[in-house]
Amino acid sequence: RAYPQEYKFIGVLGGLAWSWPDEISMGGIPEAHWEETYRLGAVAGCGIGYSSKYLAFEIDALFFQKGCRIANYYWDDFMGYTYYRLNEVSLPLLFKLSPFSGTSPYFLGGFEFAFVLSHKENGPGDHRRDLTQETKKTDSSLILGAGFRQKIEKIYFYVEGRNHYGLRHLNKDGD
């Protein structure tokens with residue numbers, strides 16, 4: 001059965017986000033130190049695009065949870081974790097390059113523009129703060145990644161990994 005070499009597509013996307021901070025600035029207390037670690041979040045949404053035999057263009061609309069977990073120490077005593085959660089509506093614009101048509105691996109690259117919905121901090125004990133007013137309203141990232149697509153009849157299934165490299169510091173005061 002012959003398939004056209006060019007087609008438009010609509011997709012449903014879902015997965016996990018594994019995020020961590022690039023750097024932390026938390027004051028100048030010499031007895032205290034912090035260790036940042038990753039935090040898992042959810043990603044869900046839809047996408048549309050256009051594909052030729054080896055090149056595809058895609059734009060997505062995603063609900064994207066980013067954040068991190070920070071281990072707090074005073075001297076060498078562990079004081080607890082502080083969790084940060086940043087919820088965004090993400091609009092990635094992607095180009096995908098596949099060396100083969102049909103079932104094959106591919107590479108992707110692009111740009112993400114996002115709107116910040118909320119930013120919350122949950123610390124040890126009852127420490128809770130809403131940081132949304134202290135956070136910039138938009139975010140942006142460069143995206144690189146790779147994936148694999150499997151063609152079954154007229155439907156493609158994709159598994160991919162994307163690295164979003166943030167381009168902005170999100171705190172309004174610059175920290």
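What radius of gyration does the chain have, and what would a compact globule of 175 residues have? In this predicted model, for which local features need pLDDT of at least 70, side-chain atom pairs count only at pLDDT 80 or more, and totals for chains, interfaces and linings use all residues, the chain has 20 Å, whereas a compact globule of 175 residues would have a value near 16 Å; the radius is taken over C-alpha atoms, and the globule rule is 2.2 Å times the number of residues to the power 0.38. Residues are numbered from 1 along each chain as its sequence is written, and side-chain values use heavy atoms, with hydrogens and water left out.

Along the principal axes, the C-alpha atoms fill a box of roughly 70 × 30 × 25 Å. The chain has 9 strands and 0 helices, where strands (E, at least two residues) and helices (H or I, at least four) are DSSP runs numbered from the N terminus. Among contacts (heavy atoms within 4.5 Å) between residues at least 6 apart in sequence, 65% join residues at least 24 apart.

The accessible surface, from the Shrake-Rupley method with a 1.4 Å probe and, for residues, only the protein chains shown as cover, comes to about 11,000 Å², of which 61% belongs to carbon and sulfur atoms. Of the 175 residues, 34% count as buried, meaning under 20% relative accessible area, with exposed over 50% and partly exposed in between. Leu-55, in strand E4, is partly exposed at a relative accessible area of 45%.

Terms used
Buried < 20%, exposed > 50% of the residue type's maximum accessible area, 1.4 Å probe, protein only.
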